[in-house]
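Reader: I have the sequence and the coordinates open and would like to go through them with you. Could you take me through it piece by piece?

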Amino acid sequence: MTKAITVSGLHKSFGRTHALDGLDLDVETGEVHGFLGPNGAGKSTTIRVLLGLLRADSGGAQVLGRDPWADAVEVHRRIAYVPGDVTLWRNLSGGEVIDLYGRLRGGLDKGRRAELIERFELDPTKKGRTYSKGNRQKVALVAAFASDVDLLILDEPTSGLDPLMEEVFQRCVEEERERGRTVLLSSHILSEVEELCDRVSIIRKGRTVESGSLADLRHLTRTNVTAELAGPPNGLSHLPGVHDLDVQGMRVRLQVDTDKLDAVLRSLSESGVRSLTSTPPTLEELFLRHYQDDVPEEVAAR
Amino acid sequence: MTATAFGVRPAGSRQLAGTATLLRFALRRDRLMIPVWVGVNALMILSMPNTLENLYASPADRANLVQDTAANASFRALIGPVFDDSIGALTAWRVGVYAGALAAVLSMLLVVRHTRDEEESGRQELVASGMVGRRASLTAALLTAVVANAVLALLVTAGLAGQGTAGALALGLGLAGVGMVFATLAAIVAQFTESARLARGLTAGLVGAAFVLRAAGDSASDDGSSVLTWVSPLGWLENLRPFAGERWWVLLLFAGAALVQGAVAYELAGRRDVGMSFLPARPGPATGRLGTAAALAWRLQRGSVLGWSIGFFLAGVVYGGLTDGVADLVGDNDNAREIFERMGGQAGLTDAFLASMVGMLGLIAALYVVASVLRLHGEETSGRAEPLLANAVGRLRWASGHLTIAFGGSALIMLLAGLGFAVGYGKEVGPILGACLVQLPAVWVVGGLAVLLYGVLPRAAMGAWGVAGAVLLIGWVGPALDAPQAVLDLSPFGHLPKLPGGGMEWGAVLVLLVLAVGLAAAGLVGLRRRDMTS
């Protein structure tokens with residue numbers, strides 16, 4: 001597979017603030033890639049480098065095989081971008097903006113435009129200033145999804161959308177994937193990312209701390225295990241990779257590094273298992289692990 | 001729209017609930033804007049007696065000045081009639097109209113900023129949801145203007161008291177009066193538009209109209225008695241006659257106008273919903289024809305280009321219509337006639353008048369070009385440029401759309417001013433058109449500086465207004481005060497040939513053109529290389 005986006009060792013400073021500190025990002029062609037990180041981690045800065053709006057201090061970035069700074073216009077012909085906070089021209093109608101953006105990209109699919117306006121329940125005749133926050137987002141989303149492009153860059157695109165519209169948005173992203181387009185989705189809504197994304201990159205303080213498929217990432221973290229045993233547990237605390245062990249009589253709760261799960265299960269079955277629940281870590285847990293400052297920073301294998 | 005459908009109005013006292021808090025908040029937001037505007041205005045006024053004393057040391061000098069200027073209709077149109085040769089009276093004459101216009105513009109900006117701007121941005125909703133009465137916002141906005149104008153009146157009264165307490169008080173109160181008349185006028189206009197930009201544009205147009213009316217009236221009459229002068233609040237200011245036998249009753253005109261306009265504004269505000277207006281926006285087309293960044297730029301700027309075009313054409317017609325009268329009026333004064341005959345007789349006189357009028361329009365066109373260039377800055381800081389530039393639109397192409405309108409538009413409005421002169425005056429059509437167009441290299445140098453600031457130092461882009469303001473100040477006030485040549489040379493307009501009448505100087509014009517192109521090009525290079533801000 002070819003890469004839609006490759007970023008390596010990206011640095012960008014604003015005065016004394018290091019917004020990006022050696023960030024890496026790989027997005028395969030045709031995948032939906034989740035881009036996660038706390039506020040101020042550098043997500044939007046990265047995206048604006050990818051759009052050629054900011055110039056990186058050092059490091060490499062390629063979008064659709066080109067340099068986004070030098071070949072901005074050529075790259076943009078094949079890109080649709082939705083910012084997290086869409087501002088519109090006060091005296092232009094939503095329909096005018098959608099068509100303008102379409103023409104300034106690779107073109108607009110008229111049928112799809114009409115269909116999307118219907119699905120998003122957008123009134124395209126209203127003027128920019130009269131749209132609510134959610135409706136302004138819809139204008140940009142319709143323009144992006146109806147455009148004839150190869151790569152969609154969505155920066156927290158669903159802020160202000162109601163749950164029904166959020167659902168429509170998710171269907172649209174899935175359709176984009178089915179049509180073979182690549183999507184970079186920066187988001188804070190973890191259920192959305194979990195639902196949509198093939199792979200995710202988690203960044204923190206301007207660098208990538210995790211990257212891979214959700215299954216890969218889960219593998220790198222801990223599984224929660226709760227068991228009712230027939231006899232007292234034996235030797236669990238000595239097993240490698242076991243954390244937060246809590247034994248109450250025959251009842252055991254623990255967390256285990258997912259790649260050490262096997263040994264734990266064997267030890268449990270020696271005592272005789274009456275019931276067992278094992279839950280994979282949620283994305284939220286993955287996320288929190290990297291967000292909380294007290295967790296020591298570790299760069300996982302990519 | 002029908003807010004009064006239920007006929008329910010909150011009890012009187014509660015309508016003003018929260019006004020004091022809002023006023024303090026407004027003053028805090030304007031803690032820089034008000035002191036700078038009022039300070040600059042006061043400085044301009046208070047430095048005048050000293051300057052005049054240096055220039056016209058003896059009473060005889062001042063008497064000559066009065067005689068010359070009283071006879072010169074073009075001077076009267078620009079500055080107003082002189083009523084006495086005391087330093088105080090000359091100060092009031094020299095600065096009155098401009099200080100009044102400045103007070104009017106500040107008051108207008110303040111009121112629109114705290115009323116329509118707040119509603120347009122949606123902040124007003126948040127404020128109105130608090131313990132805030134229906135009339136509190138408008139009241140706080142008007143009180144903010146009252147504070148700014150009161151400070152100006154106080155500074156002027158105290159600063160000029162040495163020239164005569166009564167005159168100083170009259171000038172101070174008159175300036176504040178002009179301010180409040182336009183503050184309440186802006187409050188009315190803000191009820192009609194949904195856009196603060198349009199409210200500002202319309203009110204600025206009214207300030208301009210007041211200036212033109214007074215200028216027309218004063219050129220026709222040398223004692224401010226023309227009806228046209230009495231229609232304009234700026235004319236009331238001169239008719240108050242500070243330091244020249246004050247007519248205190250004129251202050252009643254200011255008070256009356258402000259009270260009536262204020263009452264109208266309150267009445268209108270009470271009849272509409274928050275955020276709505278009496279001229280609501282109509283729905284737009286469901287599909288658009290805009291397909292390029294240049295078309296978008298034109299769409300965004302066409303309204304302002306139209307407004308400036310109408311204004312410049314009308315100004316040309318009005319000043320063109322005055323031109324013949326200038327020579328006639330001067331003809332009555334032996335002393336002045338002698339001077340002007342030495343200058344080239346009647347032809348020389350009308351040429352001098354035309355040259356000064358065209359020059360003034362050129363200076364004002366510099367404001368247009370700055371406003372138009374800075375639309376780029378507005379688009380960028382508002383976040384609208386970012387998604388636009390994420391399309392297949394290069395920065396230079398995006399910028400060139402707006403810059404074509406900025407530079408081409410300034411050519412258009414100067415051309416229209418020239419056509420206006422042709423309509424109003426009817427003679428010398430070619431030379432006057434040439435005089436209008438010869439202003440353009442200087443206008444474009446100011447525009448080029450604006451592009452440079454925006455492209456290279458986006459944070460200082462607003463400094464382009466400072467450049468335009470300085471050029472305006474040098475052009476208007478400099479020559480009349482015999483400012484040193486080094487200062488006059490700072491303005492590109494100082495290097496233009498004096499047309500019609502003078503000889504064409506291609507050298508200076510070409511140098512200015514090259515300079516303008518160089519500045520703009522450097523700005524565009526900077527824009528292409530820098531980060532876009534958000």
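Author: Let us begin with a definition: two strands pair if DSSP finds at least two bridges between them, and strands (E, at least two residues) and helices (H or I, at least four) are DSSP runs numbered from the N terminus. This is a predicted model, in which local features need pLDDT of at least 70 and side-chain atom pairs count only at pLDDT 80 or more, while totals for chains, interfaces and linings use all residues. Residues are numbered from 1 along each chain as its sequence is written, and chains are lettered from A and ligands numbered from 1 in the order in which they are written.

Reader: Which strand does β10 of chain A pair with over six bridges?
Author: Strand β10(A), residues 222–229, pairs with β13(A) in the antiparallel sense, and within that pairing A:E228 has A:S275 of β13(A) as its bridge partner.

Reader: And β13(A), how many of its seven residues are buried?
Author: The number is zero, so β13(A), residues 273–279, lies largely in the open; a residue is buried if 20 or more other C-beta atoms, placed from the backbone, lie within 10 Å of its own. Across chain A, buried residues make up 43% of the 302 residues.

Reader: What is the strand order in the six-stranded sheet of chain A?
Author: That open sheet runs β5-β6-β7-β3-β8-β9, with mixed pairing. Strands β5(A) (79–82) and β9(A) (207–213) stand at the edges with a single partner strand each, so one side of each has no neighbour in the sheet. The twist averages 15° from one strand to the next.

Reader: How do β8 and β9 of chain A run, parallel or antiparallel?
Author: They run antiparallel, with six bridges joining β8(A), residues 199–204, to β9(A), and A:V200 stands opposite A:G212 in β9(A).

Reader: Which strands does helix α6 of chain A lie across?
Author: Helix α6(A), residues 163–178, lies across β3(A) (32–36), β6(A) (151–155) and β7(A) (182–186), and runs at about 145° to β7(A), where axes are lines fitted to C-alpha atoms, for helices over the stretch in contact, and angles run from 0 to 180 degrees between N-to-C directions.

Reader: Changing topic, how many residues does each chain bring to the A–B contact?
Author: Chain B gives 26 residues and chain A gives 32, counting two residues as in contact if their C-beta atoms, placed from the backbone, lie within 7 Å. On the side of chain B that touches chain A, α15(B) (293–331) and α18(B) (385–389) are the elements that give two or more residues, and α18(B) supplies the largest share, three residues.

How values were computed. A residue is buried if 20 or more other C-beta atoms lie within 10 Å of its own, exposed if 12 or fewer, and partly exposed in between; C-beta atoms are placed from the backbone.
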